[in-house]
Amino acid sequence: MLPWCCSRSTIDASPLLLLSGLAQHSRNIAFDPRVSLLLDATEGHPDPLTGPRLTLLGRALPTEDRRCLARFIAHHPASAGYAGFGDFRLYRVEVERGHLVAGFGRIDWIEGGDIRFSGDVGVLAAAEPEILRDMNKDHGDAIARYAHRLLGRTGSGWRMTGIDPEGIDLRCDGETARLDFAAPISVPVLTPEAARAALVQLAEAARQ
């Protein structure tokens, strides 16, 4: 069992870390909360230098937000077995800057505010559990079409694990998938009404 997991799980896109107090990561953060996280998308590139990667710089601060923990567990179901242990703690990374390498010679700095989702995400965050329950209970066929028709994935038993202003997250056993909203859906999606309209439009697109 790994002593830590990372997820882009808070609804404003701030990363979450679930760390054991026994891990060196936790000891380092207790001394200095400044962290860096590397998001690597170079897999499949013959030359890794031509693939994109993003380094996030910020501070990892402990959070007792139960909603954040619920989102983390939804994205990482295996963590449910140890998330409640007394030596595990959830941290939210307050991203200050990002260093993007989009390819060879394509390098830029991105401010934290441009990495996080814009707008007030609180209303959508509060409605997310109900939206997920409704979709997974009554609209499994639509979720399957999202995975099969829009993302080209295979397998059965796909579930929706998250929704945020720019898209949805799906999971099937150990496989995860991301489906971003696209035109004609108006982004960002910030309300339950807008979320349901976006999901209906995705379902219509998947039927075509």
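Guide: A helix axis here is a line fitted to C-alpha atoms over the stretch in contact, and angles run from 0 to 180 degrees between N-to-C directions. This is a predicted model, in which local features need pLDDT of at least 70 and side-chain atom pairs count only at pLDDT 80 or more, while totals for chains, interfaces and linings use all residues. Residues are numbered from 1 along each chain as its sequence is written, and side-chain values use heavy atoms, with hydrogens and water left out.

Visitor: At what angle do the axes of H5 and H6 cross?

Guide: Two packed helices are described by the angle between their axes and the distance between the axes. Helices (DSSP runs of H or I, at least four residues) and strands (E, at least two) are numbered from the N terminus. H5 and H6 cross at roughly 55°, and their axes come within 9 Å.

Visitor: Which residues of H5 meet H6?

Guide: Contact means heavy atoms within 4.5 Å. From H5, Ala142, Arg145, Tyr146, Arg149 and Leu150 meet H6 residues that include Leu199, Leu202 and Ala206. The contact of H5 with H6 has 8 nonpolar, no polar and 3 charged residues.

Visitor: Which residues of H5 are buried?

Guide: Ala142, Ile143, Tyr146 and Ala147 are buried (under 20% relative accessible area, 1.4 Å probe, protein chains only). An α-helix has 3.6 residues a turn, so residues three or four places apart point the same way. Just after H5, Gly152 has a positive phi of about 70°.

Visitor: How do H4 and H6 pack?

Guide: H4 (residues 122-138) and H6 (residues 192-207) lie with their axes 9 Å apart, at an angle of about 40°. H4 and H6 are therefore oblique to each other, and the crossing is right-handed. Among the H4 residues in this contact are Leu124, Ala127 and Ile131, and Pro192 and Leu199 are among those from H6.

Visitor: Is Val121 buried or exposed?

Guide: Val121 counts as buried, at 12% relative accessibility. Val121 sits in the loop between H3 (112-115) and H4. Beyond its neighbours within four places in sequence, Val121 is in contact with Ile11, Asp12, Pro165 and Leu190. Val121 and Val189 are 68 residues apart in sequence, with their C-alpha atoms 8.6 Å apart.

Key: Angles under 35 degrees count as roughly parallel, over 145 as roughly antiparallel, 65 to 115 as roughly perpendicular and the rest as oblique. A crossing is left-handed if the near helix is turned anticlockwise from the far one by less than a right angle, and right-handed if clockwise. Buried means under 20% relative accessible area, exposed over 50%, partly exposed in between (1.4 Å probe, protein chains only). Ala, Val, Leu, Ile, Met, Phe, Trp, Tyr, Cys and Pro count as nonpolar, Asp, Glu, Lys and Arg as charged, and the others, Gly among them, as polar.
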